[in-house]
Amino acid sequence: MAAIVVEDIRKSYGDLTAVDGVSFTVAEGEFFGILGPNGAGKTTTLEIVEGLRRPDGGSVRLLGENPFPRNVKLLPRVGVQLQASAFFEKLSAREQLETFAALYGVGPARAREVLDLVGLADKAETREDRLSGGQRQRLSIACALVHDPDVVFLDEPTAALDPQARRNLWDVLRAIQARGKTIVYTTHYLDEAEVLCDRVAIMDSGRVLALDTPAALVRGLDAPVRVVLERGALAAATAAGLPGADEVTEDDQSLTISTRTPAPLLSALAERGTLDGLQVRTATLEDVFLHQTGREYRA
Ligand SMILES: Nc1ncnc2c1ncn2[C@@H]1O[C@H](COP(=O)(O)OP(=O)(O)OP(=O)(O)O)[C@@H](O)[C@H]1O
């Protein structure tokens, strides 16, 4: 069953069209990513689906309900983490969560449980303003989960985190999905969405340019595999003569062989003993973005 059905939603702010006819469906238990550069319309789309904004046109069904205007039937079933989180002043992580739990009519035991889930059990008694950026981000996700909602919305949960904190948070997000939750999240990190999401919608200028599993989007490009060698490992002319080599390019650092048949090329390179430092690169979601828009992806 679909957890979310979005049909042709639109939203303008004055002359600016922020969301320009967006449609998608999210299945129950799915990890769905809305991706795109800054200003693509991700947050506006998410806020409309959450019921925080009224669309100018189109329709949204969230767990079978219309989320706007504020639909109280949905509140116990939906968890929302906003881009800018607000906490109660001077409370510890545990007290924050117990307060949120109480607002939802949930007992304090649940606060402990979600602290564990987001990996903050050892910070339970630390005041929110003394947590690191990554820990605060995890606390705000815990607040969105405290009432055990079925659908969780996260707006850029990994923005502004260092790489290690980002990866820790990935484990948290995977643990949430493993509990059967539907997750809808926005990000401008395409590499991250590629590893986390079941399906992604790539947005730009208020529209969905592409929507599918990351693997299907990349496969659909039918892009060659690039085999990268250190410069000097092989002469360009020799590389061009190898079986499977379609195109050879060189720069100061490396020699790149494009191929659509990597197996014979890699065995020819192995026979020559040139595998040291070799890298094999396949297309990524950034290439999908380039293909769709004709411009490089800039988060
Ligand atoms: N309340 C508002 N009033 C006027 N313009 C807005 C408002 N909110 C968003 N916009 C504009 O609408 C466009 C889409 O914004 P939105 O926040 O939805 O994009 P986004 O993809 O989430 O970007 P970001 O990653 O920067 O949050 C942007 O050009 C933004 O400046």
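Me: Going by its C-beta neighbours inside 10 Å, does Ala101 count as buried or exposed?
Reply: The model is predicted, with local features needing pLDDT of at least 70, side-chain atom pairs counted only at pLDDT 80 or more, and totals for chains, interfaces and linings using all residues. Residue numbers start from 1 along each chain as its sequence is written. A residue is buried if 20 or more other C-beta atoms lie within 10 Å of its own, exposed if 12 or fewer, and partly exposed in between, with C-beta atoms placed from the backbone. Ala101 has 21 C-beta neighbours inside 10 Å, so Ala101 counts as buried.

Me: In which helix does Ala101 lie?
Reply: Helices (H or I, at least four residues) and strands (E, at least two) are DSSP runs, numbered from the N terminus. The run of residues 93-103 is a helix that holds Ala101. That helix is α2.

Me: Leaving aside neighbours within four places in sequence, which residues is Ala101 in contact with?
Reply: Two residues are in contact if their C-beta atoms, placed from the backbone, lie within 7 Å. Val146, for its part, touches Ala101 along with others, including Leu97 and Phe100. With neighbours up to four places away left out, the contacts of Ala101 are Val106, Gly107, Pro108, Arg110, Ala111 and Val146.

Me: Which residues touch the most other members of the largest nonpolar core?
Reply: A nonpolar core is a set of buried Ala, Val, Leu, Ile, Met, Phe, Trp, Tyr and Cys residues joined through C-beta atoms within 7 Å. The largest one has 58 residues, and helix α4 (residues 133-145) gives the largest share, 6 residues. A second, separate core of 9 residues includes Ala239, Leu242, Ile257 and Leu269. In the largest core, the members that touch the most others are Leu97, Ala142, Val146, Ile183 and Val184.

Me: Which element gives the most residues to the shell around the ligand?
Reply: A residue is near a molecule if its C-beta atom, placed from the backbone, lies within 6 Å of it. The residues around the ligand include Tyr13, Asn38, Lys42 and His188. Two elements give two or more residues to this shell, β2 (16-27) and α1 (42-50). The most, 3 residues, come from α1.

Me: Which residue in β12 stands opposite Glu230?
Reply: An open sheet of 4 strands has the order β11-β12-β10-β13, with antiparallel pairing. Within it, 6 bridges join β10 (residues 225-230) to β12 (residues 254-259). Opposite Glu230 stands Ser254.

Note on methods
Two strands pair if DSSP finds at least two bridges between them.
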